Amino acid sequence: MEPALETIGLFKRFGGLLATNDVSLSVERGEIRGLIGPNGAGKTTLVNLVTGVHAPDAGEVKLGGQSLRGRGMHEIARLGLVRSFQVTRLFGNMTVRENLMTSFLARRDKGESDGAGQTEGMIALTKLGPLADTQAKKLSGGQRALLQMACGFVVPANCYVLDEPFAGINPVIKDAIIDMILDVNRRHRATFLVVSHEMAIIRRLCQQVTVMMEGRVAAQGTLDEVARLPEVIAGYLGKALE
Amino acid sequence: MFSTELVVQTVISGVMIGVLYALMALGITFIYSIMRMINWAMGEFYMIGSYLQYALVALLLGPDLWWLAIPISAAGVFAFGLVVQWSLLKPIFRKPPEARDDYATVVTLALLLLLRSLATGLAGPNQFSPGSNLPVVMVGPMPLAGARVAAFVFALAALALFYCLLRYSWYGLALRATSQSRIGVQTAGIDVQGVDRIAFGVGVALAGLAGALLAPVFLVYPTNGLITTVKGFEIVVIGGLGSIPGALIAGVLLGLIESLGAAFIDSAYQNIYGFALVLLILVLRPTGLFGERGREA
């Protein structure tokens, strides 16, 4: 069977910096893959290449066996790949409910439901009810992160690419996001690529992790396996993971 | 000399012209809020709207069907806007964002010169008037020119329609989302180029509508868009760039100030009063009445 998400020899250069250098990885359907590595290792560049923000200089990305070459961000999103951003990309002047409803914009063209029911369900699930008619820019950082996740999960996708979904968030909201990931993963066999520095959460979510260093894939395996590798320890400036 | 009647009449005519100015400003601010670029050729779309209106009334439909000519003129400008976005602006948006403003400025300024020259070349430097056989309307004891009243009513209807579509339709949701985050809306599966095309068409159609409505009042000639464009930009500065309520309120405010200044100070300086207000706003509140200080890309 084709992997759900596959990158083949991705190269991307920004001026003098080779941000990704021959990155190949393959994630099976229903897998939650962790993507870790020191700052500047090329994780966010990889995420941007996968989701169509940047076009690779060489190599290609496949989603469910289908090449994404030449497709724009919105086309990739319509193929069922949802991403979250390190800095939340919410619609600040719109309410929480309106933010959730934007997730159905692409669906509506296909004549599917207008999402009113799912939107209210997601508001209840995330306990954002009292804030449903509040503008997104007035939410706290954690609430914004939660809302961004909710926007991604309200329409179930095949594949999620989450860039630092847990950074700077209080433990209660962290748990809520973890539960949402596990729930969508279990019910829809959705595939995840999760970038995070939080090893405890990666250990809880991911069977396999991919380690990136200086633009390359440095290692792959369980978190405990990769944490023992000397090159990984060296890449983290001699510090053991965690 | 400061009779109540004169004050009321001045206020009414100020509000009426202000709403027409607001159409123009709304077009500028709407295109900016979606595409993050200023369309410097806005007045030329106004000019095209006025020529279309004149051609339809004088050559095709006749003066009795002026009301039918108005939506047709606006639709014609909308269609032309779609072509301009597709042919001239879309290629700019493939470039990295830093260069966009510069390219858009050059392209729309070139378009301004091209369209003005074309109008002069095709129809000569003459002034045309589609005329108006609308009767004078009496509001209480005060007579108001029929063409101005009609323009006001049409403009109000267009503003109401624009607001409702933006606020309550799905496409309106996509437009509002695009104005907040172009990246975010693509993540939701929306083609921003398509949104740009519609937004540009709608924005210039608002100018074209103003041109068609004001054709009998301010006449039809190659540079007739200049004054209303300047007013449009004044309003955008007063109301705040990117703010739709700002455009409406500042439009009416500018109309009022010009009208009151002309009636009670000196009508020779009618165009100065607006600039005085602009200067005042820039000193007191540089972002405009409803503008935001910096936005996310």
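How many residues does the largest nonpolar core have, and which of them have the most contacts inside it? The views below start with that core and then move on. This is a predicted model, in which local features need pLDDT of at least 70 and side-chain atom pairs count only at pLDDT 80 or more, while totals for chains, interfaces and linings use all residues. Residues are numbered from 1 along each chain as its sequence is written, and chains are lettered from A and ligands numbered from 1 in the order in which they are written.

**View 1. The largest nonpolar core.** This core has 158 residues, and L20(B), L23(B), A25(B), A210(B) and L213(B) have the most contacts inside it. A nonpolar core is a set of buried Ala, Val, Leu, Ile, Met, Phe, Trp, Tyr and Cys residues joined through C-beta atoms within 7 Å; buried means 20 or more other C-beta atoms within 10 Å of a residue's own, exposed means 12 or fewer, and partly exposed is in between, with C-beta atoms placed from the backbone. The most is given by helix α8 (residues 192-218) of chain B, with 16 residues. Helices (H or I, at least four residues) and strands (E, at least two) are DSSP runs, numbered from the N terminus. Zoom in on L20(B): beyond its neighbours within four places in sequence, it is in contact with A151(B), A155(B), A210(B), L213(B) and L214(B). Contact here asks for C-beta atoms, placed from the backbone, within 7 Å.

**View 2. Where chain A meets chain B.** Here 18 residues of chain A are in contact with 16 residues of chain B. On the chain A side, the elements giving two or more residues are α2 (73-78), α3 (96-101) and α4 (105-109). The largest share, four residues, comes from α2(A). Sorted by class, this side of chain A has eight nonpolar, five polar and five charged residues. Ala, Val, Leu, Ile, Met, Phe, Trp, Tyr, Cys and Pro count as nonpolar, Asp, Glu, Lys and Arg as charged, and the others, Gly among them, as polar.

**View 3. A pair of helices in chain A.** Helix α6 (residues 141-153) and helix α7 (residues 171-188) of chain A have axes that come within 10 Å and cross at roughly 10 degrees. Axes are lines fitted to C-alpha atoms, for helices over the stretch in contact, with angles from 0 to 180 degrees between N-to-C directions. α6(A) and α7(A) are therefore roughly parallel to each other, a label for angles under 35 degrees. From α6(A), G142(A), A145(A), L146(A), M149(A) and F153(A) make the contact, and from α7(A), I173(A), A176(A), I177(A), M180(A) and V184(A). By class, this contact has nine nonpolar, one polar and no charged residues.

**View 4. An open sheet in chain A.** Four strands line up in the order β2-β1-β4-β5, with antiparallel pairing. β2 (17-27) and β5 (66-67) of chain A each have a single partner strand, so one side of each lacks a neighbour in the sheet. Strand β4 (residues 58-63) of chain A is joined to β5(A) by two bridges; strands pair if DSSP finds at least two bridges between them. Look for L63(A) opposite Q66(A) in β5(A).

**View 5. Two residues with positive phi.** R189(A), not a glycine, has a positive phi of about 50 degrees. R189(A) lies in the loop between α7 and β8 (191-195) of chain A. In chain B, L219(B) has a positive phi of about 65 degrees and lies in the loop between α8 and α9 (225-239).

How values were computed. Contact = placed C-beta atoms within 7 Å. Parallel < 35°, antiparallel > 145°, perpendicular 65-115°, else oblique.
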